[in-house]
Each structure stands twice: as structure tokens, then as C-alpha cells.
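Okay, thanks everyone for coming. Let me put the model up, and then I'll walk you through a few parts of it.

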Amino acid sequence: SLARQAMLRVGSLYLAFWLVHARGVAAGKRCDVFNVPGKGPMCGPAAFVPAFGKCGTNAFKAYTELHPHVKWPHQSEINFDPADTPAMDLVRLHNPGVRPDDAHVWMVKHPSMEARGPGLAARLLQHYPSAAVFFVTCDPETLLFRWYRHYMERTLFYCFRTTATDTHYYHYPEPCDTLSPALPFEPSGPHAPEDAATPRDVLRMAKGWGVRSLLDLYARIYNFDAGCKRPAADVEMFRSLWSIFNVGMDLFGPAKRCEEWLPKSPAEWNRPRTQDEKNNSLGNHDQVVAGYVREGFEVGRNLEVFFMEAWQEEGVHYLERIHRVLGIPLLGYPWVQAHGFTPIYSITSVGNTIQNNQEVAGVAEELQQLALDDLTKVPRSEVLFRAAHRECCAWKQMIGHLPPWRACQSPCMPSPPPPATPAPPPSARAA
């Protein structure tokens with residue numbers, strides 16, 4: 001019938017289009033070819049994601065790997081610095097089967113590589129000249145709180161009566177304060193003193209020093225607006241918390257956590273440092289990306305920047321940019337499975353959590369009850385606001401648009417006009 005003939009013709013046209021498209025994918029995709037011993041020609045990563053922790057690199061991976069032509073290694077975070085991992089070894093050990101003549105590409109991420117600075121950018125260009133870099137960043141006003149929430153949820157233990165063989169305790173400078181007194185209360189939940197603690201246990205202890213909530217405790221750890229100067233009572237409180245609780249990033253310990261994370265000016269952040277000096281990039285993510293641009297990466301060609309908070313609004317546009325840079329079509333992306341780009345990491349969606357290799361039920365629900373799930377309640381800091389606003393304006397200048405952050409609602413000061421060229425003297429004009 002005419003209807004059947006029409007359907008066959010449409011089907012054949014679609015098949016022809018797909019075949020041409022597939023051949024184009026293999027020809028146009030990013031692929032540095034490595035002749036791996038025993039495996040033959042294999043592609044290096046089409047793109048690297050070198051930063052930033054707690055800014056949505058897992059969400060970036062989850063959204064992009066839905067496409068049938070995009071692959072990621074089984075290992076979540078891989079040190080891809082050629083100074084540590086030779087390019088051939090990276091491809092041999094982690095390439096998920098991507099070859100030059102197929103339609104696939106692969107990417108690799110490590111969300112703490114920003115500390116490597118522009119040197120890493122130069123090494124990537126040298127060893128993977130065809131590869132792109134994707135940066136996923138987020139609001140400096142809430143980034144530290146994301147880390148605080150993460151550690152309070154996933155790395156909180158009682159730390160007294162520990163021994164040197166307790167490998168899950170990584171408290172420093174020593175494993176734990178073994179001289180601490182007995183707990184002044186019964187631990188909440190079904191765990192023994194050497195097992196996982198809960199944020200509620202920390203709060204019960206801290207209330208003895210007038211702490212009203214875990215949000216209040218966060219503000220006392222990172223009291224930027226007070227120049228990181230702690231009252232004597234807070235010093236005593238943190239010493240007591242440090243003697244009883246073990247938590248990631250040593251939140252309660254004597255190390256100067258506030259001073260380390262105090263946002264720096266771009267000039268201070270970019271100054272040369274010794275190998276042992278820490279240089280946290282809070283409020284200077286744009287400076288990290290600017291270093292890559294100075295080394296030869298180009299925004300829109302082999303470098304793109306994405307804002308974690310914008311996925312629900314910009315998800316389709318983000319994927320279009322990603323696939324254009326990767327050199328593969330977006331055709332075939334399973335939009336339904338993206339669920340409208342809802343947040344991948346959410347306190348309320350975690351359910352139970354794993355601590356010390358044991359499941360602890362109800363931690364996510366407890367954090368929700370303690371108001372740690374709502375970023376709008378994070379205590380505000382004028383120091384962090386100014387750092388975020390500076391980044392807003394820097395991103396506008398670098399990539400052409402503003403992030404969707406609170407600080408970006410304040411207008412940027414216009415750039416000063418270039419100096420005027422002096423007019424030539426009358427004799428020159430006459431000539």
C-alpha cells in the first residue's frame with residue numbers, strides 16, 4: 001500500500017541518516033590515539049574535569065553518562081596529572097573500551113585538581129593535545145557549608161578509646177585525644193562509643209557553650225567576618241569537641257580551618273608558594289580557570305564552565321555545549337532519564353548512610369530535622385558575599401554570562417575605559 005511504502009521510505013531515510021551520522025561521529029570526536037601494548041589503538045580522554053569538590057562533579061558525570069556514546073571509567077576519581085600518571089598508563093588502566101574508529105568518547109574527573117594550578121593545564125595540553133577541560137563550579141557563599149554538611153553526615157565518629165590500628169580514624173595531628181573524660185551523656189542511636197556518632201550528638205555537646213544549632217556551630221567554625229578570631233569560650237568548646245568527636249577535615253581540631261579558607265584576593269591567590277603551603281581556591285575558582293586560558297585553552301573551543309546551581313534551568317543548553325566540544329551529536333540522549341536535571345546529591349534523597357562500613361539508618365532524616373538540608377538557611381557572611389560577587393563579575397567577563405547566585409544580583413562595576421590615544425601634533429596632521 002501507499003502507506004506502507006511511505007513508512008518504508010521514511011525508515012530507509014532515517015537509517016541512511018543514522019549511518020552517515022555514525023560515520024561522522026568517529027571522524028569528528030576528540031581522540032588522542034595511543035597504541036597500547038596488547039590492546040592496540042585506543043583513545044585518550046576526550047575531556048578532563050579537574051575541579052571543584054562539592055560543586056557537582058558527580059552530577060556532571062551522572063547527566064553526561066546517560067548518553068550512549070559517552071563513557072566514564074569505573075573508578076570515580078582518578079589522578080590524571082601526567083606528572084603522576086603517565087598518559088599511556090592512564091589510557092591502559094582506565095580507558096573503558098573507547099577506540100578511534102568507534103562512536104564513543106570518554107571522560108575522567110578528579111574534583112581536587114585545582115590545587116595543581118596552571119602547570120597541570122600545560123601538562124594536559126602537552127600529553128593530550130586534542131582533549132578539552134570542563135569545569136563545574138558553585139556559589140562560594142554556600143560551598144564551605146556543603147563540605148561541612150558532607151563531613152557531618154558521612155565522617156562523624158566517637159574518637160575516644162581508639163588505638164593505632166583503627167584505620168577508619170584519620171584525625172590529625174594524632175588519632176584521638178585518649179585522655180578525654182567519659183561522655184557527659186549517653187550516645188544517641190544504636191551505636192557504641194567507638195562507632196559512628198550523629199550530628200545530634202555534636203549539638204547536644206555544643207549546647208553547653210550556648211550553641212543554638214548546627215548552623216550556629218558552622219558559623220563559629222568559619223567566623224570570617226570576625227577575622228577568624230575566636231572568643232575564649234569557643235576555643236574551649238572546640239577543644240572539648242575535638243577530644244570526643246572525630247570528623248573529616250578536622251573541623252573541631254586546633255588547625256586554623258577558618259584562616260585556611262579565608263578568601264584571598266586574586267593577587268594573593270596567584271603568588272608563588274612553597275610546596276607545603278595550602279592555597280584553597282574558595283572565591284577564586286575563576287582564577288583557576290584563567291590559568292588554563294593563559295596556558296592555551298580557549299573558552300568555547302576546548303574549555304567550558306558550568307554552574308552546579310543552573311542545571312535545572314540550563315541542563316539542555318549545557319549538554320548541547322558539552323557535546324559540541326566533545327565532537328559527538330546529542331542525538332539519542334534519553335531526556336526522560338535525566339528527570340529534569342534534579343539534584344543528584346541531596347540530603348533528603350540519601351536515606352541511610354555508610355559509616356565505618358556499617359549502615360546507619362536515618363542520618364539523612366536527622367540532618368533534615370536539624371536544618372542542614374536547606375541552603376537558604378546558611379548563615380551569611382559579608383566576606384563570602386564579596387568573594388562571590390567578585391567571582392560573578394569575573395565570570396561575566398570571562399564567559400559572557402553571570403552565575404545564578406545571590407551575589408550576582410548586585411551590579412558589577414563597569415570596567416575602566418582604555419586610555420585614550422593622544423592626538424598627534426598639528427605638524428603630523430598636516431603631513
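Leaving out residues up to four places away in sequence, W261 touches L144, Y222, F224, M249, N280 and L282. Keep in mind that this is a predicted model. You'll find W261 in helix 9, which covers residues 257-261. Is W261 buried or exposed? Its relative accessibility is 12%, so W261 counts as buried, the cut-off being under 20%.

How many strands form it, and in what order? There are 5 strands in an open sheet, ordered 4-5-3-6-9, and the pairing is parallel. At the edges you have strand 4, residues 70-71, and strand 9; each has a single partner strand, so one side of each is left without a neighbour in the sheet. As a bit of background, strands of a sheet pair through backbone hydrogen bonds, either parallel or antiparallel.

Now zoom in on strand 6. On one side, 2 bridges join strand 3 to strand 6, and the two run parallel. A47 has A132 in strand 6 as its bridge partner. Strand 6 is also joined to strand 9, by 5 bridges, again running parallel. If you want to trace that pairing on the screen, V133 has L303 in strand 9 as its bridge partner, and V136 has F306.

Which way do the side chains go? In strand 6, A132, F134 and V136 point one way, while V133, F135 and T137 point the other way, and all are buried. That's 6 of the 6 residues buried, so strand 6 is largely enclosed by the rest of the structure. Strand 9 is mostly covered too, with 5 of its 5 residues buried. There, L303, V305 and F307 point one way and E304 and F306 the other.

So what packs on this sheet? One answer is helix 12, residues 311-326, which touches strand 3, strand 4, strand 5, strand 6 and strand 9. The direction of helix 12 makes about 165 degrees with that of strand 9. Helix 15 packs on the sheet as well, touching strand 6 and strand 9, and its direction makes about 145 degrees with that of strand 9.

Let me finish with helix 15. It runs over residues 382-399, so to speak 18 residues, and reaches 25 Å from its first C-alpha to its last, close to the 26 Å expected. At the start of helix 15, a side-chain oxygen of S381 comes to within 3.2 Å of the backbone nitrogen of V383. Just after the helix, G400 takes a positive phi of about 95 degrees. The buried residues of helix 15 include V383, L384, F385, H389 and W395. And what covers the buried residues? Among the elements doing that are strand 6, helix 5, helix 7, helix 11 and strand 9.

Terms used:
Residues numbered from 1 in each chain as written. Predicted model: local features only at pLDDT ≥ 70, side-chain atom pairs only at ≥ 80, totals over all residues. Heavy atoms only, no water. Helix = DSSP H or I, 4+ residues; strand = E, 2+ residues; numbered from the N terminus. Expected span 1.5 Å × (residues − 1). Buried < 20%, exposed > 50% of the residue type's maximum accessible area, 1.4 Å probe, protein only. Contact = heavy atoms within 4.5 Å. Polar contact = N/O pair within 3.5 Å; in protein donor to acceptor, adjacent residues only side chain to side chain. Pairing = 2+ DSSP bridges. Axes fitted to C-alpha atoms, helices over the stretch in contact; angles between N-to-C directions.
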